[in-house]
Amino acid sequence: MLVTREKVENEIRKLGLHGFLKAHGVSSTILKKSQLLTSHDRNELSKYYDKVKEVEFDSKVDTELIDGINREVNNLSWFKIVNYAIYGVPKGIFLNMSTLRFFDQLAVLSELNLSGYNDYFQSHYSFDFACYIDSNHKHHYYLSGDGNHRITIAKLLDLKYVNADKLIIYKYNPEKFHQLESYELSVAKLNSLLSTPLFKFTTYDGSIEGGVELDINTLGKHFSKTIRIKTYSGSSTIILNSNALHSDEIISQSQKVDNAVTIMKKIQKDHNHFVKVYKYYPMRFKKLLFETYIFLNENMAFDGKYDTYHKRLAKLSALTTYFSD
């Protein structure tokens, strides 16, 4: 190819990506489409689709049916993916894409224009895909091997099809989908409870059995908010990010979340009750009670009665409302 990366970079700097693409045969209609259609991450699909088979394909895939690449890129337009890779990614967005690889493809476009690039693309490249067949029998394709930058450019330029070598086929499993829905509903309830002032009560010196502890754990590629709470079955770690779970973990995590919600609602109810009870206690007595409960918590051996610890948390939190300053 005669066009270099440097020449492409200079031309894009001068015209902008939008102007560069128009100068090389990409219509306004195609550009608008590439700015509206978004990429999707297939991680969540693994929770409620079952692998059916793997086949040698050696055929063509309609580019319209390609929903995502083999990277964790979700809800970004195909235009933005390329634009961010060239100009820089805004804070809070993760995009692991190579500027130079996009320049290589855009150099071909610069030399051949859109029609020539399409012919070049079809004669040079083929890809492996995962195909997800939904409940309406519609096919959704996700790149499963190499070619993230080339497929992104194919979507950006609205090429009619891409060549495929191999397909891994998955089918929708309604039972797994409803399990995931149930899990996410339970997590929403738990997050709602965690946003209340009561469950920000975790700042005392010394541990409080039955309390709620929040932290951030790294699980693989995903950041996952986790909760540790004393439950009737012991100390339970709850993951609040479905991407950090395998499909076979969803049910057990849902049960843990539901258990935590039940316990936290009980603590909340007891808290409200004790706020009213302590209203008429002298301040000196309230402070004495608080110190007593802290002492008992730190020095009494656990007797297996979680209700005791959860009620103590409710009492402690109720008492602090009177001398939080």
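At 24% relative accessibility, Tyr 172 counts as partly exposed, because buried means under 20% relative accessible area, exposed over 50% and partly exposed in between (1.4 Å probe, protein chains only). This is a predicted model, in which local features need pLDDT of at least 70 and side-chain atom pairs count only at pLDDT 80 or more, while totals for chains, interfaces and linings use all residues. Residues are numbered from 1 along each chain as its sequence is written, and side-chain values use heavy atoms, with hydrogens and water left out.

A search of the whole structure finds 18 aromatic pairs. Rings of Phe, Tyr and Trp (its six-membered ring) pair if their centres lie within 6.5 Å; planes under 30 degrees apart count as stacked, over 60 as edge-to-face and the rest as tilted. One of the pairs is formed by Tyr 48 and Phe 177, which are edge-to-face at 5.0 Å centre to centre and 70° between the planes. Tyr 48 lies in the loop between α2 (28–36) and β1 (49–62), and Phe 177 in helix α6 (residues 174–194), so this pair ties together parts that are 129 residues apart in sequence. Helices (H or I, at least four residues) and strands (E, at least two) are DSSP runs, numbered from the N terminus. Tyr 48 is buried, at 11% relative accessibility, whereas Phe 177 is partly exposed, at 24%.

Tyr 172 has a ring partner in Tyr 49: the centres are 5.9 Å apart and the planes are at 65°, so this pair is edge-to-face. Tyr 49 is in strand β1 and Tyr 172 in strand β5 (residues 161–172), 123 residues apart. Tyr 49 is buried, at 8% relative accessibility. Both pairs belong to one aromatic cluster, made up of Tyr 48, Tyr 49, Tyr 132, Tyr 142, Tyr 170, Tyr 172 and Phe 177.

Now turn to the nonpolar residues. A nonpolar core is a set of buried Ala, Val, Leu, Ile, Met, Phe, Trp, Tyr and Cys residues joined through side-chain atoms within 4.5 Å. The largest one has 50 residues, and Leu 21, Leu 106, Phe 129, Leu 157 and Val 162 have the most contacts inside it. Its largest share, 10 residues, comes from α4. Leu 157 touches Leu 21, Val 26, Ile 30, Leu 109, Leu 114 and Tyr 117, leaving aside residues up to four places away in sequence; contact means heavy atoms within 4.5 Å. A second, separate core of 24 residues includes Ile 168, Tyr 170, Ile 239 and Met 264.
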